[in-house]
Amino acid sequence: MITLLQHWRKFDDCNDNNELESFHQAATRLGITSSRAALTERRALKKLIERARAEEDKRKESIVAYLLHLMRKYSKLFRSEVSDDNDSQGSTPCSPTVLGSLEDGGSGGNGQAFERQLSKLSSFNFKPNIKRSGQIPIPPEELRCPISLQLMYDPVIIASGQTYERICIEKWLGDGHDTCPKTQQRLPHLSLTPNYCVKGLIASWCEQNGVPNPDGPPESLDLNYWRLALSESETANTRSVDSVGFCNLKGVKVGPLEESGTIEEIEEKEAENEHPCVQEEVSELNVLERYQDLLSVLNEEENLRKRCKVVEQIRLLLKDDEEARIFMGANGFVEGLLQFLDSAVREGNAMAQEIGAMALFNLAVNNNRNKELMLAAGVILLLEDMVSNSNAHESATALYLNLSCLEQAKSIIGSSKAVPFLVQLLGSETDPQCKLDALHTLYNLSTVHSNIPSLLSAGIVNGLQPLVISGDNAWIEKSIAVLLNLAASQAGISEMVSACGLISDLASVLDTGELIEQEQAVSCLLLLCNGSEKCCQMVLQEGVIPALVSISVNGTTRGREKSQKLLMLFREQRQRD
C-alpha cells in the first residue's frame, strides 16, 4: 500500500506497469481477488470518502479517492462469475471472456483468473499519466464523459448507474434515445442525479496535476457521440426491421466503428459494388414509395385491424429515424394518425388507441414542428376523450409528457382536463413508469405561472405529499421540484402550509435525503418561511436545527447557502420574539 502511494506522489518515475504490479500484490494479500470482493471494497472506499469529506480531512479524502481510482482502473482483474452491475460507478461490462470460470475448479480458481488477467493487462501499452515538459496529463477514464471524452463539468448519474456530462446525456435523451450510451441498457426512467463525488474527484485530480478545472460543458459533440448513436441505432433498427417484416429500408447496415472496419476497407467494398450515390438514390426512392403506400392505407382503409398493422409499422419506422419524422410530419401523417386515433377512441379499441398514441409519440420526439401540427389538429381534445373512455393511460401519459416539452403546449395542456387526470395518476396503483411520466409532465406544466391555479385546484399538493417521503430518489427529487415551482405563487405557499403533514415530510428529507434532495427541501422551506412567522414556528417544531447546521457545512453549494439563510431567518425570528 505504501508503494502504491509512493507511485501516486512521484509521477516522474512511475509507470502503469509498476503501479499494476504493486496493486496486484496488495489486492492479492488483502484477498480482493473476485468481483464480489472488489465491489465490497469499492463501496467501503466510497463511504470513507464521504466520511473524510464530512471531517474536512483533505489528505485522507485524496488518498482514499486515489485507491478508489485504482479499484476502478483495474476492475477487469476481478471480473469472474459475479457481475458488477450493482456498482453505480462500475466500468464498462467486458466481453464474455471468462476470467474465473468454473473450469478453473478448486479454491484457487479466482486467484488463477486474477493472475491470467494480470498477465494480459501487463502486456498492454499503457499511457502513463505523467506530466512532463510540453505534455498534458491524461485524465482517468472515470473522470471523463463517455460521450464527449472530456473532463466533466457537471457530472450526472442516469438510471443505469453510469456518469455523464449533463449537457451530453441531455442531448442523447433529447434525441429520442432511451438507453445508456455506454452499456446499451434500456433505462427504466430518464431522471438525472448530480454526481458530487465524481465532481470532487475531478477537482482533486485537476489540483494535483496542475490542470484548470473545467469552466463549462463542451461546446460541441465530437464524432464519439455519433459513433455511440450509430451503435445504438444498429441494434434498434435490426429489431424494428424484424418486427415490421420487410427488409432494410435504407439498404445500409449501421454498426459500431470497431466492427465496420477502417474507412479504407469500407471504400474498397463500395468500389467493388454499385456506385454508392446510385444506390442511395434508388434506396431513397424506395423509402418514399413505401411511406406513400403506408399513408394511402392509413387514409383509405376502412378495416381498423388492417390500419392497426400499418400504424404499428409507422410507429417502428419513426422510432429512431429523424428523417422519417421530418418527411412524415410534412406529408400528412399527423392528420392521418390523429384520424386513426379518433376512430380507435370512438370504437373503444384500447389496443388501437395505445398503438396510435405511441406512433404520435415517436412522431413528436425531438421535432417541435410536428408537435405544433398536432396541437393545431386538436390532439389535446382527442387525448381528453381517450383518457375519459379507456384504460390506455400509459400511452396517453407518455404523449402528454412529450408534448409538454414544447413551451407553447404547456399552457394549453395546463388548461385542459389533462391536469386532474395526471394528478389522479400520482395516487393510483398504475404502472410506476406511467406515474413517473405523469410527475414529469406536471413538473413541465408547473414551470408556467398561469398553470398553478389549475394545478392547485386539482389537488396536486396532496398528490405529491406521499411521493416526498416515498424513499425513491427519482420521486422525491422531482416532487420537491414541483413544490418549488408552486411556491413561486402566494396561493401555492398558502396551500402547502395548510397541507397536513407536508412541513413535517419536508423536514424529514433534511435528515434522510440525498444531498440534492436536501438542497431542494431546504430551498422549499426557505420559500415557505420567508415572511411567515406561522410557518417558521411550524418548521422549528420539527427540530430541524441540527439537520440545517449539518447541511450548512456538508451540503451542496446551493444547499449550504439556503440552509444558512434559513438559520439566519430563524435567528431573527427568535430575536423578535
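Is Cys197 buried, exposed or partly exposed, and what is its relative accessible area? I find Cys197 partly exposed, with a relative accessible area of 22%. Here buried means under 20% relative accessible area and exposed over 50%, with partly exposed in between, using a 1.4 Å probe and protein chains only.

Basis of the entries. I am working from a predicted model, in which local features need pLDDT of at least 70 and side-chain atom pairs count only at pLDDT 80 or more, while totals for chains, interfaces and linings use all residues. Residues are numbered from 1 along each chain as its sequence is written, and side-chain values use heavy atoms, with hydrogens and water left out.

Cysteines. I searched the whole structure for disulfides (pairs of cysteine sulfur atoms within 2.5 Å) and found zero. For Cys535, the closest cysteine sulfur belongs to Cys529, at 3.8 Å, which is too far for a bond. I note Cys535 as buried, at 0% relative accessibility.

Cores. I looked up nonpolar cores, meaning sets of buried Ala, Val, Leu, Ile, Met, Phe, Trp, Tyr and Cys residues joined through side-chain atoms within 4.5 Å. The largest one has 106 residues, and Ile460 and Leu486 have the most contacts inside it. This core lies between domain 3 (286–429) and domain 4 (459–576), because both give residues to it; the bounds come from an automatic or database domain assignment. Leaving out residues up to four places away in sequence, I list Val423, Leu442, Leu455, Val482 and Leu486 as touching Ile460, where contact means heavy atoms within 4.5 Å. A second, separate core has 38 residues, including Leu187 and Leu201.

Aromatic pairs. I count two in the structure. The criterion is ring centres of Phe, Tyr and Trp (its six-membered ring) within 6.5 Å; planes under 30 degrees apart are stacked, over 60 edge-to-face and the rest tilted. Tyr291 and Phe327 form a tilted pair, 5.3 Å centre to centre with 40 degrees between the planes. I find Tyr291 buried at 3% relative accessible area, and Phe327 buried at 19%. Tyr400 and Phe421 also form a tilted pair, at 6.3 Å and 45 degrees. Both Tyr400 and Phe421 are buried.

Charges over rings. I required NZ of Lys or CZ of Arg within 6 Å of the ring centre and within 35 degrees of the ring normal. The charged end of Lys435 sits over the ring of Trp475, 5.7 Å from its centre. Lys478 lies over the face of Tyr443, 4.2 Å from the ring centre.
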